Amino acid sequence: MASESRLYTFSQESKDHLRKFRLGTSRASDPQAVIYMIDKHTLEIKQDEDKTVYTRLEDIGDDLPDHSPRFVLLSYPLTLPSGRLSVPYVLLYYLPVTCNAELRMVYAGAKELMRNTAEVGKVIEIDSVDDLEDLPSKLGAA
């Protein structure tokens with residue numbers, strides 16, 4: 001962790017947003033997601049420019065780029081097979097097969113730092129927007 005923490009950075013604003021988002025979504029009744037990206041020049045991990053909070057998986061898919069990786073923080077309320085309500089907080093590591101090797105390396109190097117800083121319970125790797133459809137079953141929905 002020491003090496004990537006020197007290479008990649010979070011602004012204090014981003015750290016505050018991550019904490020606020022995690023705490024604010026823990027009791028949400030609708031899915032909530034935000035997209036994070038890495039600035040290729042400064043290696044700062046920050047929220048995507050539009051700063052949208054998504055409430056539908058389809059909307060996330062519409063805004064994910066075709067040729068560039070992204071981190072998506074997702075809080076997804078669902079009912080477990082036991083009938084209990086659960087709100088898993090996960091990191092979607094979006095790595096499209098069409099992105100170049102340089103970007104793959106940049107995002108791969110930052111994945112654990114993003115996971116630890118965002119305090120997510122699980123990382124789910126997806127390589128296409130179509131994988132979002134399978135998310136509820138991957139999270140354990142009834």
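I take buried to mean under 20% relative accessible area. By that rule, phenylalanine 71 and tyrosine 107 are both buried. I note at the outset that this is a predicted model.

**Entry 1: the nonpolar cores.** I looked up the largest nonpolar core and found 25 residues in it, of which Ile38, Ile45, Phe71, Leu73 and Met114 touch the most other members. The most comes from α4, which supplies 7 residues. I also recorded a second, separate core of 19 residues, with Ile60, Val72, Tyr76 and Leu135 among them.

**Entry 2: isoleucine 38.** Which residues does isoleucine 38 contact, once neighbours within four places in sequence are left aside? I found Tyr8, Leu43, Glu44, Ile45, Phe71, Val106, Tyr107 and Ala110.

**Entry 3: aromatic pairs.** I counted 3 aromatic pairs. Phenylalanine 21 and tyrosine 89 are each buried.

I next examined phenylalanine 71 and tyrosine 107, whose ring centres lie 5.2 Å apart with planes at 50°, so this pair is tilted. Because phenylalanine 71 sits in strand β3 and tyrosine 107 in helix α4, the pair ties together parts 36 residues apart in sequence. Finally, I noted that ring pairs join Phe71, Tyr93 and Tyr107 into a cluster.

Terms used
Residues are numbered from 1 along each chain as its sequence is written. This is a predicted model: local features need pLDDT of at least 70, side-chain atom pairs count only at pLDDT 80 or more; totals for chains, interfaces and linings use all residues. Side-chain values use heavy atoms; hydrogens and water are left out. A nonpolar core is a set of buried Ala, Val, Leu, Ile, Met, Phe, Trp, Tyr and Cys residues joined through side-chain atoms within 4.5 Å. Buried means under 20% relative accessible area, exposed over 50%, partly exposed in between (1.4 Å probe, protein chains only). Helices (H or I, at least four residues) and strands (E, at least two) are DSSP runs, numbered from the N terminus. Contact means heavy atoms within 4.5 Å. Rings of Phe, Tyr and Trp (its six-membered ring) pair if their centres lie within 6.5 Å; planes under 30 degrees apart count as stacked, over 60 as edge-to-face and the rest as tilted.
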